[in-house]
Amino acid sequence: MNLNQITIPSLDVAKATAFYKVLGLKLIVDALPNYVRFECPDGDATFSIHKVDALPVGQGISLYFESDDLDQWVSVLREKGIVFDELPEDRPWLWREAHLKDPDSNHLILYHAGKNRKNPPWRIS
């Protein structure tokens, strides 16, 4: 089994599309104003956004995007006007993370974990 894609809801798919293009995702399906799909620049995962009339209530969705050069990526995004809630910081779970929200207030975590992404010292067999 392999994860193919994640789909998130949006009130304004065009606005969300512009945001995720700035993050560096490549648009591969354009069915605006109702749906778009992206490829991540590395790996095989895809990511899509679909139009909804109302966003889910509660804590919502958290999306993680990894980069080997997190600090540089965050710096470039800030120069492009992306606002962060938290700048890169080393976390006790051995990941370096930066936090922000997309136009629909979905929580994004840009991070670098290296070998600890799938193999932290506390991984079970």
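Contact here means heavy atoms within 4.5 Å. The model shown in these views is predicted.

**View 1**
From the N terminus on, the elements run β-α-β-β-β-β-α-β-β-β. The radius of gyration is 15 Å. The globule rule gives 14 Å for 125 residues, so the chain is as compact as a globular protein of that length. Its C-alpha atoms fill a box of roughly 45 × 40 × 30 Å along the principal axes. Of the 125 residues, 36% count as buried. Take the contacts with a separation of 6 or more: residues 24 or more positions apart account for 50% of them.

**View 2. Helix H2 lies across the strands S5, S6, S7 and S8.**
H2 spans residues 70-79. Its direction makes an angle of about 140 degrees with S8. The four strands form an open sheet in the order S5-S8-S7-S6, and the pairing is mixed. Strand S5 (62-66) and strand S6 (86-90) stand at the edges. Each has a single partner strand, so one side of each is left without a neighbour in the sheet. On average, neighbouring strands here are turned by 20 degrees against each other, direction ignored.

**View 3. Strands S6 and S7 run antiparallel.**
Strand S7 covers residues 96-101. Three bridges join S6 to S7. Look for Asp90: its bridge partner in S7 is Arg96. Strands of a sheet pair through backbone hydrogen bonds, either parallel or antiparallel.

**View 4. A second open sheet has the strand order S1-S4-S3-S2.**
This sheet also has four strands, with mixed pairing. Its edge strands are S1 (5-10) and S2, and each pairs on one side only. Neighbouring strands of this sheet are turned by 20 degrees against each other on average, direction ignored.

**View 5. A hairpin joins S2 to S3 through three residues.**
Strand S2 takes in residues 26-31, and strand S3 residues 35-39. Five bridges pair the two strands in the antiparallel sense. Ala31 has Tyr35 as its bridge partner in S3. Further along, Val29 stands opposite Arg37 in S3. In a regular strand the side chains alternate between the two faces of the sheet.

**View 6. Helix H1 lies across strands of both sheets.**
H1 lies across S1, S2, S3 and strand S4 (46-51). The helix runs at about 160 degrees to S4. H1 also lies across S5, S7 and strand S8 (107-112). To S8, the helix runs at about 10 degrees.

**View 7. Which residues of helix H1 (residues 13-23) are buried?**
They are Val13, Ala16, Thr17, Phe19, Tyr20 and Leu23. These residues cover an arc of only 165 degrees around the axis, which puts them on the same side of H1. Now look at the ends of the helix. Asp12 caps the N-terminal end of H1. A side-chain oxygen of Asp12 lies 3.3 Å from the backbone nitrogen of Ala14. Just after H1 comes Gly24, with a positive phi of about 115 degrees.

**View 8. Asn106 sits in the loop between S7 and S8.**
Is Asn106 buried or exposed? Its relative accessibility is 6%. Buried means under 20%, so Asn106 counts as buried. Leave out residues up to four places away in sequence, and Asn106 touches Ile8, Pro9, Ile61, Leu100 and Lys101.

Notes: Residues are numbered from 1 along each chain as its sequence is written. This is a predicted model: local features need pLDDT of at least 70, side-chain atom pairs count only at pLDDT 80 or more; totals for chains, interfaces and linings use all residues. Side-chain values use heavy atoms; hydrogens and water are left out. Buried means under 20% relative accessible area, exposed over 50%, partly exposed in between (1.4 Å probe, protein chains only). The arc is that of the directions from the helix axis to the C-beta atoms. A polar contact is a pair of N or O atoms within 3.5 Å; within protein, one must be able to donate a hydrogen and the other to accept it, and residues adjacent in sequence count only if both atoms are side-chain atoms. Two strands pair if DSSP finds at least two bridges between them. Axes are lines fitted to C-alpha atoms, for helices over the stretch in contact, and angles run from 0 to 180 degrees between N-to-C directions. The radius of gyration is taken over C-alpha atoms; the globule rule is 2.2 Å times the number of residues to the power 0.38.
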